[in-house]
Amino acid sequence: QFQEMADVISRLQDKLSIVEANRKPIIHFDSVPDLKGLQWLNPLYNHIAHEQTLQIVYHPFLRRRSFKITIFPYLLKEFRNRWFLYGSRCGDLKLFILALDRIREVEAVSIPFQANPEFDTDHFFDDLVGVTKGIGDKPEIIRFWASKEQSYYIKTKPFHRSQVLLEQQKDGSCLFQVTVIVNYELISVLLSYGSGIRILSPHSVVCLMQLQIDRLQQLYGFL
(Lines give C-alpha, C1' and ligand atoms only; values in the text may rest on other atoms or scores of the structure.)
Protein backbone atom coordinates (compact mmCIF):
# COMPACT_ATOMS: atom_id res chain seq x y z
CA GLN A 1 0.00 0.00 0.00
CA PHE A 2 2.80 2.43 0.89
CA GLN A 3 4.61 1.52 -2.32
CA GLU A 4 1.47 2.31 -4.32
CA MET A 5 1.24 5.71 -2.62
CA ALA A 6 4.92 6.36 -3.34
CA ASP A 7 4.22 5.63 -7.00
CA VAL A 8 1.34 8.13 -7.08
CA ILE A 9 3.42 10.76 -5.27
CA SER A 10 6.29 10.30 -7.74
CA ARG A 11 3.92 10.86 -10.63
CA LEU A 12 2.48 14.01 -9.08
CA GLN A 13 5.90 15.41 -8.15
CA ASP A 14 7.23 14.88 -11.65
CA LYS A 15 4.17 16.49 -13.22
CA LEU A 16 4.45 19.46 -10.86
CA SER A 17 8.16 19.98 -11.51
CA ILE A 18 7.56 19.86 -15.27
CA VAL A 19 5.07 22.73 -14.97
CA GLU A 20 7.17 24.77 -12.55
CA ALA A 21 10.56 24.35 -14.24
CA ASN A 22 9.30 24.12 -17.82
CA ARG A 23 11.39 21.00 -18.46
CA LYS A 24 10.96 17.59 -20.01
CA PRO A 25 9.80 14.71 -17.79
CA ILE A 26 12.44 12.52 -16.16
CA ILE A 27 10.07 9.72 -15.14
CA HIS A 28 8.05 7.72 -17.64
CA PHE A 29 5.13 5.45 -16.75
CA ASP A 30 3.37 3.00 -19.04
CA SER A 31 0.07 4.33 -20.27
CA VAL A 32 -2.52 3.28 -22.82
CA PRO A 33 -3.97 6.04 -25.01
CA ASP A 34 -7.75 6.23 -25.33
CA LEU A 35 -8.26 3.74 -22.50
CA LYS A 36 -11.99 3.13 -22.24
CA GLY A 37 -13.93 3.33 -18.98
CA LEU A 38 -11.81 5.94 -17.22
CA GLN A 39 -14.74 8.36 -17.19
CA TRP A 40 -16.33 6.15 -14.51
CA LEU A 41 -13.39 6.32 -12.09
CA ASN A 42 -14.25 9.56 -10.34
CA PRO A 43 -18.04 8.94 -10.10
CA LEU A 44 -17.53 5.40 -8.82
CA TYR A 45 -14.94 6.57 -6.30
CA ASN A 46 -17.43 9.07 -4.90
CA HIS A 47 -20.26 6.52 -4.83
CA ILE A 48 -18.04 4.10 -2.89
CA ALA A 49 -16.89 6.80 -0.49
CA HIS A 50 -20.52 7.76 0.23
CA GLU A 51 -21.72 4.12 0.36
CA GLN A 52 -24.32 4.58 -2.35
CA THR A 53 -26.08 1.61 -3.92
CA LEU A 54 -25.82 1.63 -7.71
CA GLN A 55 -27.75 0.36 -10.69
CA ILE A 56 -25.28 -0.42 -13.45
CA VAL A 57 -25.87 -1.29 -17.09
CA TYR A 58 -23.12 -3.71 -18.04
CA HIS A 59 -22.19 -5.34 -21.34
CA PRO A 60 -19.83 -8.34 -21.05
CA PHE A 61 -17.63 -9.18 -24.02
CA LEU A 62 -19.27 -12.54 -24.71
CA ARG A 63 -22.90 -11.43 -24.52
CA ARG A 64 -24.90 -9.74 -27.25
CA ARG A 65 -26.90 -7.55 -24.91
CA SER A 66 -26.27 -5.49 -21.81
CA PHE A 67 -27.89 -6.32 -18.50
CA LYS A 68 -28.77 -4.30 -15.40
CA ILE A 69 -27.41 -5.12 -11.97
CA THR A 70 -28.05 -3.44 -8.63
CA ILE A 71 -24.82 -3.52 -6.69
CA PHE A 72 -23.24 -2.37 -3.45
CA PRO A 73 -19.86 -0.99 -4.61
CA TYR A 74 -16.81 -1.62 -2.40
CA LEU A 75 -13.53 -1.17 -4.23
CA LEU A 76 -11.78 -0.06 -7.41
CA LYS A 77 -8.73 -2.01 -8.59
CA GLU A 78 -6.28 -1.48 -11.44
CA PHE A 79 -4.55 -4.36 -13.20
CA ARG A 80 -2.45 -3.91 -16.32
CA ASN A 81 -3.98 -0.55 -17.21
CA ARG A 82 -7.55 -1.84 -16.87
CA TRP A 83 -9.80 -0.81 -13.98
CA PHE A 84 -12.31 -3.02 -12.19
CA LEU A 85 -15.13 -2.46 -9.71
CA TYR A 86 -15.74 -4.97 -6.92
CA GLY A 87 -19.20 -5.07 -5.41
CA SER A 88 -21.95 -7.35 -4.14
CA ARG A 89 -25.27 -7.86 -5.91
CA CYS A 90 -28.30 -6.58 -4.06
CA GLY A 91 -30.33 -9.51 -2.77
CA ASP A 92 -27.79 -12.28 -2.33
CA LEU A 93 -24.48 -10.39 -1.84
CA LYS A 94 -22.81 -12.40 -4.60
CA LEU A 95 -19.50 -10.74 -5.44
CA PHE A 96 -19.20 -9.25 -8.92
CA ILE A 97 -16.08 -7.92 -10.63
CA LEU A 98 -17.00 -5.43 -13.35
CA ALA A 99 -14.52 -4.04 -15.88
CA LEU A 100 -15.03 -0.30 -16.17
CA ASP A 101 -14.64 -0.40 -19.95
CA ARG A 102 -17.75 -2.60 -20.15
CA ILE A 103 -19.95 -0.32 -18.03
CA ARG A 104 -22.55 1.59 -20.03
CA GLU A 105 -24.56 3.44 -17.36
CA VAL A 106 -24.24 4.15 -13.63
CA GLU A 107 -27.08 5.48 -11.46
CA ALA A 108 -27.35 5.83 -7.68
CA VAL A 109 -30.55 4.29 -6.28
CA SER A 110 -32.32 4.71 -2.93
CA ILE A 111 -31.63 1.20 -1.61
CA PRO A 112 -29.83 1.04 1.74
CA PHE A 113 -26.15 0.20 1.29
CA GLN A 114 -25.07 -3.19 2.62
CA ALA A 115 -21.52 -4.34 3.35
CA ASN A 116 -20.40 -7.89 2.63
CA PRO A 117 -18.72 -9.27 5.76
CA GLU A 118 -16.95 -11.92 3.67
CA PHE A 119 -15.24 -9.34 1.43
CA ASP A 120 -12.25 -8.16 3.45
CA THR A 121 -10.42 -5.55 1.39
CA ASP A 122 -7.38 -5.79 3.67
CA HIS A 123 -6.72 -9.45 2.86
CA PHE A 124 -8.87 -10.43 -0.13
CA PHE A 125 -5.98 -9.82 -2.55
CA ASP A 126 -3.24 -11.47 -0.49
CA ASP A 127 -3.27 -14.66 -2.56
CA LEU A 128 -4.33 -13.13 -5.88
CA VAL A 129 -2.59 -12.45 -9.16
CA GLY A 130 -4.83 -10.19 -11.22
CA VAL A 131 -8.48 -9.62 -10.35
CA THR A 132 -10.49 -12.84 -10.72
CA LYS A 133 -11.45 -14.46 -7.44
CA GLY A 134 -14.66 -15.57 -5.80
CA ILE A 135 -15.44 -15.39 -2.11
CA GLY A 136 -14.43 -18.71 -0.63
CA ASP A 137 -11.87 -19.57 -3.33
CA LYS A 138 -8.79 -21.19 -1.86
CA PRO A 139 -5.19 -20.72 -3.02
CA GLU A 140 -3.07 -23.58 -4.31
CA ILE A 141 0.62 -24.26 -3.89
CA ILE A 142 2.27 -24.04 -7.31
CA ARG A 143 5.83 -25.25 -7.82
CA PHE A 144 7.75 -24.47 -10.98
CA TRP A 145 11.20 -24.72 -12.53
CA ALA A 146 12.79 -21.67 -14.14
CA SER A 147 15.79 -21.55 -16.44
CA LYS A 148 18.95 -19.75 -15.35
CA GLU A 149 18.07 -16.75 -17.51
CA GLN A 150 14.48 -16.45 -16.31
CA SER A 151 15.49 -17.07 -12.70
CA TYR A 152 17.38 -13.78 -12.65
CA TYR A 153 14.19 -11.90 -13.49
CA ILE A 154 11.90 -13.96 -11.27
CA LYS A 155 14.19 -13.60 -8.24
CA THR A 156 14.57 -9.84 -8.61
CA LYS A 157 10.92 -9.20 -9.54
CA PRO A 158 8.61 -11.76 -7.91
CA PHE A 159 5.21 -11.96 -9.55
CA HIS A 160 3.58 -12.60 -6.16
CA ARG A 161 4.42 -11.86 -2.54
CA SER A 162 4.23 -15.54 -1.59
CA GLN A 163 7.06 -16.48 -3.94
CA VAL A 164 9.74 -18.67 -2.36
CA LEU A 165 13.01 -19.89 -3.82
CA LEU A 166 13.10 -23.61 -3.03
CA GLU A 167 16.35 -24.59 -4.66
CA GLN A 168 19.06 -23.22 -6.94
CA GLN A 169 20.53 -25.97 -9.07
CA LYS A 170 24.12 -26.35 -10.31
CA ASP A 171 23.28 -25.10 -13.81
CA GLY A 172 21.78 -21.88 -12.38
CA SER A 173 18.18 -22.88 -12.89
CA CYS A 174 15.86 -22.60 -9.89
CA LEU A 175 12.82 -24.16 -8.31
CA PHE A 176 10.20 -21.73 -7.02
CA GLN A 177 6.92 -21.91 -5.17
CA VAL A 178 3.94 -19.55 -4.96
CA THR A 179 0.65 -19.93 -3.08
CA VAL A 180 -2.06 -18.25 -5.14
CA ILE A 181 -5.55 -18.46 -6.58
CA VAL A 182 -5.56 -20.24 -9.94
CA ASN A 183 -7.23 -17.95 -12.46
CA TYR A 184 -6.92 -16.69 -16.03
CA GLU A 185 -4.53 -13.91 -15.09
CA LEU A 186 -2.14 -16.31 -13.33
CA ILE A 187 -1.99 -18.60 -16.36
CA SER A 188 -1.31 -15.55 -18.57
CA VAL A 189 1.57 -14.49 -16.33
CA LEU A 190 3.06 -17.99 -16.35
CA LEU A 191 2.75 -18.23 -20.13
CA SER A 192 4.52 -14.88 -20.49
CA TYR A 193 7.78 -16.57 -19.41
CA GLY A 194 7.60 -18.81 -22.47
CA SER A 195 9.96 -21.78 -22.45
CA GLY A 196 11.83 -20.27 -19.52
CA ILE A 197 9.62 -21.97 -16.95
CA ARG A 198 7.94 -25.34 -16.45
CA ILE A 199 5.09 -25.98 -14.02
CA LEU A 200 5.80 -29.00 -11.83
CA SER A 201 2.65 -29.14 -9.68
CA PRO A 202 -0.26 -29.28 -9.13
CA HIS A 203 -1.39 -31.45 -12.03
CA SER A 204 -4.45 -29.25 -12.63
CA VAL A 205 -2.25 -26.23 -13.43
CA VAL A 206 0.05 -28.36 -15.59
CA CYS A 207 -3.05 -29.34 -17.60
CA LEU A 208 -4.17 -25.71 -17.94
CA MET A 209 -0.75 -24.76 -19.27
CA GLN A 210 -0.72 -27.74 -21.63
CA LEU A 211 -4.14 -26.74 -22.98
CA GLN A 212 -2.89 -23.26 -23.86
CA ILE A 213 0.32 -24.64 -25.38
CA ASP A 214 -1.72 -27.05 -27.52
CA ARG A 215 -3.80 -24.15 -28.79
CA LEU A 216 -0.64 -22.21 -29.64
CA GLN A 217 0.66 -25.24 -31.47
CA GLN A 218 -2.52 -25.34 -33.56
CA LEU A 219 -2.04 -21.68 -34.45
CA TYR A 220 1.65 -21.84 -35.31
CA GLY A 221 2.34 -25.51 -36.02
CA PHE A 222 1.89 -25.25 -39.79
CA LEU A 223 4.08 -22.18 -40.39
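Predicted model: local features only at pLDDT ≥ 70, side-chain atom pairs only at ≥ 80, totals over all residues.
The buried residues of helix 3, which spans residues 148-156, are Gln150, Ser151 and Ile154. These three cover an arc of only 105° around the axis, and therefore lie on the same side of the helix. An α-helix has 3.6 residues a turn, so residues three or four places apart point the same way.

The buried residues of helix 3 pack against strand 6, strand 8 and strand 9. These strands belong to an open sheet of four strands in the order 7-8-6-9, with antiparallel pairing. Strand 7 (164-168) and strand 9 (197-201) are at the edges; each has a single partner strand, so one side of each has no neighbour in the sheet. From one strand to the next, the twist averages 30°. Strand 6 (residues 140-146) pairs with strand 8 (residues 174-180) in the antiparallel sense, over seven bridges. Phenylalanine 144 has phenylalanine 176, in strand 8, as its bridge partner.

Elsewhere in the chain, histidine 59 sits in the loop between strand 1 (54-58) and strand 2 (67-79). Its relative accessibility is 17%, and because buried means under 20%, histidine 59 counts as buried. The side chain of histidine 59 reaches the backbone oxygen of arginine 63 at 2.7 Å. Leaving aside residues up to four places away in sequence, histidine 59 touches Arg64, Arg65, Ser66, Arg102 and Arg104.

Methods: Residues numbered from 1 in each chain as written. Heavy atoms only, no water. Pairing = 2+ DSSP bridges. Helix = DSSP H or I, 4+ residues; strand = E, 2+ residues; numbered from the N terminus. Axes fitted to C-alpha atoms, helices over the stretch in contact; angles between N-to-C directions. Buried < 20%, exposed > 50% of the residue type's maximum accessible area, 1.4 Å probe, protein only. Polar contact = N/O pair within 3.5 Å; in protein donor to acceptor, adjacent residues only side chain to side chain. Contact = heavy atoms within 4.5 Å. Arc of directions from axis to C-beta.
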